[in-house]
Amino acid sequence: MKWYLAKFVYQVISGNGNHSPQFDEQMRLIRADEFAWAKEKASILGKLGECSFLNERKESVQWKFINVVDLCSITSMEDGDELYSSTEEPENVNDYLAKIKAKASRLQQAL
């Protein structure tokens with residue numbers, strides 16, 4: 001059995017739909033014999049992750065599975081190993097850097 005890292009994308013739909021579009025991207029570990037089975041298994045798990053519930057304002061919230069958008073084999077698991085990489089090409093570099101700094105700041109505050 002091999003380990004794979006899968007990137008799932010869900011669309012989050014709240015209330016009557018009058019909100020900013022939201023998408024949740026998740027990285028999940030998948031264990032499978034081969035790439036094709038890992039892809040199928042990831043798709044099944046993604047679909048099983050769909051749900052609907054009422055938020056604190058009694059509005060309907062739906063998590064809709066979009067797809068598995070990336071899948072890579074993990075060949076080793078050592079301290080500092082790279083598990084995933086993606087390259088961004090933002091239209092606005094300053095907005096992108098501000099977003100990255102804000103995320104890093106939230107992580108620091110969580111400590």
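This report describes the overall build and the salt bridges of a predicted model.

Local features are limited to pLDDT of at least 70 and side-chain atom pairs to pLDDT 80 or more, while totals for chains, interfaces and linings use all residues. Residues are numbered from 1 along each chain as its sequence is written, and side-chain values use heavy atoms, without hydrogens and water.

The protein has 2 helices and 4 strands, in the order β-β-α-β-β-α from the N terminus; helices (H or I, at least four residues) and strands (E, at least two) are DSSP runs. The C-alpha atoms fill a box of roughly 45 × 35 × 30 Å along the principal axes. Of the 111 residues, 19% are buried; buried means under 20% relative accessible area, exposed over 50%, and partly exposed in between (1.4 Å probe, protein chains only).

There are 3 salt bridges, each a side-chain nitrogen of Lys or Arg within 4 Å of a carboxyl oxygen of Asp or Glu.

| Salt bridge | N to O distance |
|---|---|
| Glu25 – Lys7 | 3.2 Å |
| Glu50 – Lys47 | 3.3 Å |
| Glu59 – Arg57 | 3.2 Å |

The bridge between Glu25 and Lys7 links strand S2 (residues 22-32), which holds Glu25, to strand S1 (residues 2-14), which holds Lys7, across 18 residues of sequence. Glu25 is exposed at 52% relative accessible area, whereas Lys7 is buried at 13%. Glu50 is partly exposed at 28%. Glu59 is partly exposed at 29%, and its partner Arg57 is exposed at 58%.
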